[in-house]
Number of protein chains: 2
Amino acid sequence: MRHALQEAIAAGARDEVPIGAILVDSRTGEILARNGNRTRELSDPTAHAEILVIREECARRKVQRLDHCTLYVTLEPCPHCAAAISFARIDTIIFGAPDPKSGGVVSGPKLYTHPQLHHKPTVIEGILEQECGDILRDFFAKKRREK
Amino acid sequence: MRHALQEAIAAGARDEVPIGAILVDSRTGEILARNGNRTRELSDPTAHAEILVIREECARRKVQRLDHCTLYVTLEPCPHCAAAISFARIDTIIFGAPDPKSGGVVSGPKLYTHPQLHHKPTVIEGILEQECGDILRDFFAKKRREK
């Protein structure tokens, strides 16, 4: 999660919402892809950190499903990302801070509770929660001061 | 919706799940972007028809939000796409067939019913429902016969 936090900080420095994600080989712990939000940079409302690491590793492997992968992300994934994580058959998702306003895993539509779902990843939450949440709170507090 | 159906048929011819989408200027009716599923071709589990047209038009306009746009899609969007449609501030979404198995608008998590949501598009369903559903049923029936 320290690596994901570094990506979140780098995203904030680019004036993106500071969320970072790391995709890891569940068996070896090797980091396969790392990124932060780039929705502004890419003019792409889907360019969330989680989507970028999934797309990168799928493209590298030339597959649509990522066997034996764990995703670390600093904030609870939104419904868009939670669905993509399920499509990609990610084993385990580990997130830092919960997101009662826009989350889709333990908040709001709680996507993985629906029987429709083809693949439900294991969910671990609250890792470095304070630090993961603080960089977001600081970012938005600064934005409000600048207004 | 006839144009979206053409994209769905073209997707099926590429051995992709036959779903097609058209992005239209809500004021003039001009078609801005058109595509079908390309998850196999692009090795990208997020390359659904809806996502591709949203990303294309956002990149063209260099924005994250698509004012005055209507999205036509042959099948009820999944939660991944339903969330992206909301992020992109699409005015209206018009779909053909419902998708009780994997849909996220009128099925399953019914994403637009959650108070969390920042933008709720107008939803119109059932346009050319039979034809939009038939090409999917035919595609999967053929797949099962080939097994």
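Which residue of chain B does the side chain of Arg55(A) meet in a salt bridge? The views below are taken from a predicted model, and the first of them shows this pair.

**View 1. Salt bridge between Arg55(A) and Asp44(B).** The partner of Arg55(A) is Asp44(B), with N and O 2.8 Å apart. Across the interface of chain A and chain B, 2 salt bridges are found. The elements of chain A that each give two or more residues to the side touching chain B are α2 (39–42), α3 (49–61) and α4 (79–87).

**View 2. The interface of chain A and chain B.** In this interface, 34 residues of chain A are in contact with 34 residues of chain B. Pro45(A), Gln64(A) and Gln116(A) supply 25% of the area that chain A buries against chain B, more than any other three residues. The area buried between the two chains is about 2500 Å², and carbon and sulfur atoms give 60% of this area. Polar contacts across the interface join 11 residue pairs, both residues of each pair being at pLDDT 80 or more. The side of chain A that touches chain B is made up of 15 nonpolar, 13 polar and 6 charged residues.

**View 3. Salt-bridge network of Arg14(A), Arg38(A) and Glu41(A).** These three residues of chain A are linked in a network of salt bridges. Glu41(A) is partly exposed, its relative accessible area being 46%. Over all chains, the count of salt bridges comes to 24.

**View 4. Salt bridge between Glu41(B) and Arg14(B).** The closest N and O atoms of this pair are 3.7 Å apart. Glu41(B) is partly exposed at 45% relative accessibility, and Arg14(B) is partly exposed at 28%.

**View 5. Salt bridge between Arg40(B) and Asp15(B).** Here the closest N and O atoms are 3.3 Å apart. Arg40(B) sits in the loop between β2 and α2 of chain B and Asp15(B) in the loop between α1 and β1 of chain B, so this pair ties together parts that are 25 residues apart in sequence. Arg40(B) counts as partly exposed, with 49% relative accessibility. Asp15(B) is also partly exposed, with a relative accessible area of 28%.

How values were computed: Residues are numbered from 1 along each chain as its sequence is written. Chains are lettered from A and ligands numbered from 1 in the order in which they are written. This is a predicted model: local features need pLDDT of at least 70, side-chain atom pairs count only at pLDDT 80 or more; totals for chains, interfaces and linings use all residues. Side-chain values use heavy atoms; hydrogens and water are left out. Contact means heavy atoms within 4.5 Å. Buried area is the accessible area (1.4 Å probe) that two parts lose on being put together, summed over both. A salt bridge is a side-chain nitrogen of Lys or Arg within 4 Å of a carboxyl oxygen of Asp or Glu. A polar contact is a pair of N or O atoms within 3.5 Å; within protein, one must be able to donate a hydrogen and the other to accept it, and residues adjacent in sequence count only if both atoms are side-chain atoms. Helices (H or I, at least four residues) and strands (E, at least two) are DSSP runs, numbered from the N terminus. Ala, Val, Leu, Ile, Met, Phe, Trp, Tyr, Cys and Pro count as nonpolar, Asp, Glu, Lys and Arg as charged, and the others, Gly among them, as polar. Buried means under 20% relative accessible area, exposed over 50%, partly exposed in between (1.4 Å probe, protein chains only).
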